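Take a look at the model below. We will go from one contact to an interface, and then on to a ligand.

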Amino acid sequence: MPNSTNKTTSFTYIRNLTCSDCGKEYASDAINTYCPDCQAPLLANYDLAQLRQILKPAQIAARPRGMWRWHELLPVQRQSNCVTLGEGDSALLKLPHFSQRFGIPNLLLKDESNNPSGSFKARGISAAISKAKELGVTKVIIPATGYAGQTLAVYAARAGMQCCIFAPKTSPAAALEESRLAGAEIVLVDGLISEAAGLAGEKARAEGWFDLSTFKEPYRLEGKKIIGYELAEALNWTLPDVIIYPTGGGAGLVGLWKAFDELEALGWLKTTKRPRLVAVQAKGCAPIVKAARNHASFCDFWTNGRTIASGLCAPKSFADQLILRDLYESQGTAVAVSDEAILSTQRLLSEADGIFPSLEGAATLAALIKLIQQKWIQPAEQVVLFNTGAGLKDIAAAFAACPAWTPG
Ligand SMILES: *Cc1c(COP(=O)(O)O)cnc(C)c1O
Ligand SMILES: [Zn+2]
């Protein structure tokens, strides 16, 4: 955990929250969730003009590794409230063999699988739990297909909070087991994530639990946006041509774009060129892809969504309007890939370059192959993929896809 080197500076430069729809202001030093008037997410604002004067990238680079070295741009007032398990500063890797095979030499993969609990969810949950702790929250609840739940469970344990998870029965066993070991109360739901969300919301209102559903509180986004800061820093304050992101609730995608906006205001970027964002979804649950095809400003609810990539099973994101707005603004696109393509690229990446990606991460490679074939991506372009989680979490799906092989 870095110390602020200068005693006269603040740990955070957060100013307030604003509704992403009506613009109404909300305080960042009180518990806030989303705008009740618009049913829309709240976004955190920082004093970027002041930070531009007093904070330089070299200061951040000199601090100990991890997400919290960017603390001025995160929401926590007091360092002692940070709940950390060492999240952030994931590797940015070349994929030499995969690149060669598909004729795309400037390909990079940001590998989030080494985060605590094995996924990039750690970033957002670390930020949100820290801020919740600062504001006196003691009981947290979440509907989750697995990844978000297990991550919340471990951070809640770390923070000494009670944790409750509403999980569809079909959630990956590894995720449920990690949650159980961390002491979370798990309620298995005979239904989809949307049903789990409804039940969790009811319990939250009845018993006073704080709901950490994606975008229903403002700070998971803040942790996730740091992937954009790390990426720009690693590319020496330039940005790639294309970013391909596996999109469920959309915090990763919206967080990247928010980071680029903030970096521009801080004056740290050497370029004004922005990447084209690609949202990847699974064919069995692709509300963003469908909306983007019609250039719609919001998504319809996707009924009976199904995919083996559980992190992508989001039938309607609470932030659908933000996701679509950022996609259009970036001149980007949305791509749906089949479960078969996801499984085959999972194996391809393991074989080619020694990375065993989560199914969601593998989906970005499947989308890349499609977009190269469609010539939407040119061979010389710099493309960044995100492996959002570790493949081991999906081991049951990997076995099922290869029944001829018996382990042990
Ligand atoms: C949650 C999750 C996603 C989707 O991320 P969003 O930011 O909610 O769009 C992708 N991959 C993995 C491994 C996840 O756990
Ligand atoms: Zn509003």
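Which side chain meets that of Arg69 in a salt bridge? The partner is Glu233, with 2.7 Å from N to O. Keep in mind that this is a predicted model.

The domain assignment divides the protein into three parts. Domain 1 covers 14-81. Domain 2 is written in two segments, 91-119 and 219-401. Domain 3 spans 121-211.

Polar contacts come next. Five residue pairs are in polar contact across the interface of domain 1 and domain 2, both residues of each pair being at pLDDT 80 or more. Now look at the elements on the domain 1 side. Those that give two or more residues to the side touching domain 2 are β1 (14-19), β4 (40-46), α1 (48-54) and α2 (57-61). The largest share comes from β4, with five residues. By residue class, the domain 1 side that touches domain 2 divides into 19 nonpolar, three polar and three charged.

Step back to the interface as a whole. The centres of domain 1 and domain 2, taken over C-alpha atoms, are 24 Å apart. On the domain 1 side, 25 residues are in contact with 20 residues of domain 2. The area buried between the two domains is about 2,000 Å². Carbon and sulfur atoms give 71% of that area. Which residues of domain 1 lose the most area to domain 2? They are Leu48, Arg52 and Trp70. Together these three account for 28% of what the domain 1 side buries.

Now turn to the ligand. How many residues surround ligand 1? There are 14, and the closest are Lys121, Gly248, Gly250, Gly252 and Thr388. Lys121 uses its side chain: a polar atom there lies 2.7 Å from an oxygen atom of ligand 1. In Gly249, a polar backbone atom is 2.9 Å from an oxygen atom of the ligand. In Gly250, a backbone N or O atom lies 2.7 Å from a ligand oxygen atom.

Definitions and conventions: Residues numbered from 1 in each chain as written. Chains lettered and ligands numbered in written order. Predicted model: local features only at pLDDT ≥ 70, side-chain atom pairs only at ≥ 80, totals over all residues. Heavy atoms only, no water. Domains from an automatic or database assignment. Contact = heavy atoms within 4.5 Å. Buried area = accessible area lost by both parts, 1.4 Å probe. Salt bridge = Lys/Arg side-chain N within 4 Å of Asp/Glu carboxyl O. Polar contact = N/O pair within 3.5 Å; in protein donor to acceptor, adjacent residues only side chain to side chain. Helix = DSSP H or I, 4+ residues; strand = E, 2+ residues; numbered from the N terminus. Nonpolar A, V, L, I, M, F, W, Y, C, P; charged D, E, K, R; others polar. Near = heavy atom within 4 Å.
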